[in-house]
Amino acid sequence: MTTTPGSPDGPTADDPADGSVATTPDPGEDFSADRRFFGHPLALANLFSVELWERFSFYGMQAVMTLYLYYSVVPDGGLGLEKAEATSIIGAYGGMVYLACVAGAWISDRVLGAERTLFYAACTVMLGHIALAVLPGLGGVAVGLVLVALGSGGVKTAATSVVGSLYRRDDPRADAGFSIFYMGVNIGALVGPLLTGLTRTTLGFHWAFGLAAVGMAIGLGIYTLGRRNIPVSATTVPNPLPSGAWVRPAVGVLVAAVVVALLFVLGVLTADNLSTAVAIVVALIAIGLFTLLLTSPRVTADERSRVRSFIPMWLASVVFWSLFQQQFTVVELYADERLDRVLGGWEMPTEFVNSLEPFFVIVLAPLFALMWTKLGTRAPSTPIKFALGAGGMGIAFLLFLPWAGGTGATTPVLAIVLIMLVFALAELNLSPVGLSLSTRIGPALFRSQTVALFYLSISLGSALAGTLAGFYDPSVEGAYFSTLGIAALVLGGVLVALAPWVRRAMRGVR
């Protein structure tokens, strides 16, 4: 059946890939011949674009949200929460976004396929930003953040799976392709906080949330126009759900929602402990997924070995993200209170600090992509890249120490610029590489679940970032930054020591 690019059924082999010839490849075709987008498949261009605008809305909103939660009601227009409550909510929200990747992966594998999951999830994200823009108070925050979290979970796993479908398991272009894709992520992450920050300081918080909704609408429009470029393999459902089998998971979701609501009503769950609760749930789900992949009779011996090799890298990823995601908790508090943001008589909005790291990623991502491509099989192995990422974050936290323990806005802007540069270097060694690895190391019948596992490491790290932020205070900055920095460096060293075993266990995946 032939469909139009924007139809619910998505693209088919009869749709023209470039407007002239119907050449969309089938699932068994070799994508290594398609080099129309800077040496990569043309579909990467459309995915690059939609992810750019989705990240514009996501990071633009998140940069404003922390301030919205703890700024005073009068005259700042915030909600006036305690800072520990605000950072816990942000940590829990970040954890929920990546936790929703599990649901997104399940829907992609069992119901819709990756391409359609991506489309409908992006629509849900836009509705969440609209809710934040028009609904007042904590009610608007709850509705908006839940919708954005659910939608973003689907976008992340589906988009990553679609990009992964463009490359063979042994294609040396894969890491470079994900680095290009990641550059689109960071262009959106750069521009989002800049524009929403300016909008917040001139028009107010809800106008900033509205701008995030507009960005997502633009991304959806571009993606709809280019859906015909997506390979047919991305539209298939790998493991279709039997008729009527949706009832049990639907009941499970309903019961979970009721339990969470009751826990809030009874006071067991509060804003203060929300991020910790999310971290516990995510850890249990990750253990369950690893157990499934390691015990399923549908997983071969080589695939099981690859899953085992993923465990130490997954743990390194958790540590990395528990530090990296503090740019939305501790680093934002630090920028608001401890950073001298007055430049030539103009006070830089706090949100601008959130654009520094993606700026460096935009500059450096093409260089990393070129470097991995040129080095080919001579590049550092994946476990070494993960070790560099985790250890790099340790160095970044230690760089706060020269200004630790000061009073007031005494840290120069150049200091935070240097620290965010190290954040970016660490990220480029782990995040795009982890995305690439998760699409290639998983069992054939559980590809999306393996991608979800990588996102669960981000989920757990994000939730822990909110929990750890509760221990931050300017009076104990030295101990806070040194403890976390040294712990990350130690973990990086352990992974370097384990690298030979990890490489052997990966069984042909580099």
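Q: Where does Val268 lie?
A: Val268 lies in the loop between α7 (247-265) and α8 (274-295), with helices being DSSP runs of H or I of at least four residues and strands runs of E of at least two, numbered from the N terminus. This is a predicted model: local features need pLDDT of at least 70, side-chain atom pairs count only at pLDDT 80 or more, and totals for chains, interfaces and linings use all residues. Residues are numbered from 1 along each chain as its sequence is written, and side-chain values use heavy atoms, leaving out hydrogens and water.

Q: Why is Val268 called partly exposed?
A: Buried means under 20% relative accessible area, exposed over 50%, and partly exposed in between (1.4 Å probe, protein chains only). Val268 has a relative accessible area of 48%, so it is partly exposed.

Q: What makes the chain as compact as a globular protein of its length?
A: The chain has 15 helices and two strands. Its radius of gyration is 22 Å, close to the 24 Å that the globule rule gives for 510 residues, so the chain is as compact as a globular protein of that length. The radius is taken over C-alpha atoms, and the rule is 2.2 Å times the number of residues to the power 0.38.

Q: Why is the pair of Tyr71 and Phe205 called edge-to-face?
A: Rings of Phe, Tyr and Trp (its six-membered ring) pair if their centres lie within 6.5 Å; planes under 30 degrees apart count as stacked, over 60 as edge-to-face and the rest as tilted. The centres of Tyr71 and Phe205 are 6.3 Å apart and their planes stand at 80°, so the pair is edge-to-face. Tyr71 sits in the loop between α1 (43-70) and α2 (83-112), and Phe205 in helix α6 (residues 205-225), 134 residues apart.

Q: How do you know that Asp336 and Arg341 form a salt bridge?
A: A salt bridge needs a side-chain nitrogen of Lys or Arg within 4 Å of a carboxyl oxygen of Asp or Glu. For Asp336 and Arg341 the closest N and O atoms are 3.7 Å apart.

Q: What about Arg507: why is it called partly exposed?
A: Arg507 has a relative accessible area of 39%, so it is partly exposed. The side chain of Arg507 meets that of Asp302 in a salt bridge (2.5 Å, N to O).
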